[in-house]
Amino acid sequence: MANPGPGNSITLRIDAPSNFSVTSELAAAAAGAGAAVTALDVVESHPASIVVDLTCNTTDEEHAERIRDAVQALDGVAVRQVSDRTFLMHLGGKLEVVPRVALRNRDDLSRAYTPGVARVCTAIAEDTAKARKLTVKRNTIAVVTDGTAVLGLGDIGPEAALPVMEGKAALFKQFANVDAWPVCLDTKDTEEIIRTVKAIAPVYGGVNLEDIAAPRCFEIEARLREELDIPVFHDDQHGTAIVTLAALRNALRVVGKTIGDVRIVVSGVGAAGNAIVQLLLAEGAVDVVACGRDGAIHAGAEYADAHRVELAATTNPRGFRGSLKEALVGADVFIGVSAPNILGEADIAGMAENAIVFAMANPTPEVDPVVASRHAAVVATGRSDFPNQINNVLAFPGVFRGLLDAGVSEVTTPMLVAAAEAIADRVGEDELNASFIIPSVFDPLVAGAVADAIVRSSESAASEKE
């Protein structure tokens, strides 16, 4: 069974007799049912009774029911209400619009709105580039999705995708002071998505594509990059690739290997897997084998998707044609962005000495991290309850902060590599070890370091063109 976690946190409001031991009995009953008790507060006290809020982490809704029943089974105890703290957080959404200017009197109103605003409108009409300085475009991005590849939930639609996009926008603001707004589109048509994003682009300084299923996401990103004059970044591809490369740089330092000499196997050739492979190659990787459901992608085979055709042409220099498990024999690095529980202990044991395993399928990794750690020197996942969490929040806020600050219209591979280097460098030599190859998502200096790296990369590219 999964461990209780804050994503399934509940608060039970309980009526109980006011005896000396009742609070400890309530906590013990909940813990006996497998809850991780995080708080116990007396919210009302009367001569013969008390009202207690007991907060705990659970594994799922069924577990929450068992905890409620265990508490209610105590003599004189009645559970008045069970509140799901995650749903409470989402009531009314997680975002709001707050003016940056005060409207205190008629003078303020005359400048912020009519008649003064007309002068600003005229200036922008004469030179639309001024919108970047004189409107929200300067610091605002659109978080765009069609709801077809949301988390591990798949195609759940634009309405159901909205809580994720709200969360993404909140992270942008929290970590990089970038204003972001969810744009959930009720269409799966590639042309309509491209047309819609182009139509709303005047409001935004950048576009973050999110949770759009492959292979459609590749064409959407490529077309929008070509047809818009603002940066377009598909986080499921490039955000994941940046943080993966950052973690790999440091993991290789731990085991004393170099990227050009190691054998790398990537499981998953969707949006994330494809981008990871391309960034690994840009960093100097040579022996990379990408595996889909049918095994290794290799030259000579026919593939319907353009990105698989490109992978066949640029990877697998040894022409390997076997399964994922066969590819893993003797490999130095495994990077998984695919499916849960597809590898066992024997597969990891068959890798090279001082192997590196990044099992990033969420919420269940490709291989049990505890099992993998018996044989691999370094293990990372996408989860927060194991060491070395590879989390996109380390990348995307700083990337867009840098793109907006630099005022560029293009996201380049050197920028992505620079961002990965900046993240990796946040782990100092005195901190680096097998359990700490990537900084914490709450490291307050990560976003700034990534933004600075993006700006420096853009300035370097500009000077080379002169």
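Is N392 buried or exposed? N392 is buried, at a relative accessible area of 14%; buried means under 20%, exposed over 50% and partly exposed in between, with a 1.4 Å probe and protein chains only.

1. Basis. This is a predicted model, in which local features need pLDDT of at least 70 and side-chain atom pairs count only at pLDDT 80 or more, while totals for chains, interfaces and linings use all residues. Residues are numbered from 1 along each chain as its sequence is written, and side-chain values use heavy atoms, with hydrogens and water left out.

2. Overall chain. The protein chain has 466 residues, of which 46% count as buried. Its secondary structure comes to 18 helices and 14 strands; these are DSSP runs numbered from the N terminus, helices being H or I of at least four residues and strands E of at least two. Along the principal axes, the C-alpha atoms fill a box of roughly 80 × 75 × 45 Å. Among contacts (heavy atoms within 4.5 Å) with a separation of 6 or more, 67% are between residues 24 or more positions apart.

3. Surroundings of N392. N392 sits in the loop between strand 14 (378-381) and helix 16 (396-406). Leaving aside residues up to four places away in sequence, N392 touches D235, G239, T240, V243 and P397. With D235 there is a polar contact, side chain to side chain, at 3.1 Å. A polar contact is a pair of N or O atoms within 3.5 Å; within protein, one must be able to donate a hydrogen and the other to accept it, and residues adjacent in sequence count only if both atoms are side-chain atoms.

4. Salt bridges, local case. The structure holds 28 salt bridges, each defined as a side-chain nitrogen of Lys or Arg within 4 Å of a carboxyl oxygen of Asp or Glu. One of them pairs R68 with E65, with the closest N and O atoms 2.8 Å apart. The two residues are three apart in helix 2 (residues 61-72), and are therefore separated by about one helical turn. Both ends are partly exposed: R68 has a relative accessible area of 28% and E65 has 40%.

5. Salt bridge between D146 and R216. The side chains of D146 and R216 form a salt bridge at 2.7 Å, N to O. This pair links distant parts of the chain, 70 residues apart: D146 is in the loop between strand 5 (140-145) and helix 7 (158-176), and R216 is in helix 9 (residues 216-227). D146 is buried, at 2% relative accessibility.

6. K188 and D155 form a salt bridge whose closest N and O atoms are 2.5 Å apart. K188 lies in the loop between strand 6 (179-184) and helix 8 (190-200) and D155 in the loop between strand 5 and helix 7, so the pair ties together parts 33 residues apart in sequence. D155 is partly exposed, with a relative accessible area of 45%.

7. Helix packing. Helix 11 (residues 271-283) and helix 17 (residues 413-424) pack at about 85 degrees, with axes 10 Å apart. Axes are lines fitted to C-alpha atoms, for helices over the stretch in contact, and angles run from 0 to 180 degrees between N-to-C directions. The two helices are therefore roughly perpendicular, a class that covers 65 to 115 degrees; under 35 is roughly parallel, over 145 roughly antiparallel and the rest oblique. L279, A282 and E283 of helix 11 meet T413, L416 and V417 of helix 17.
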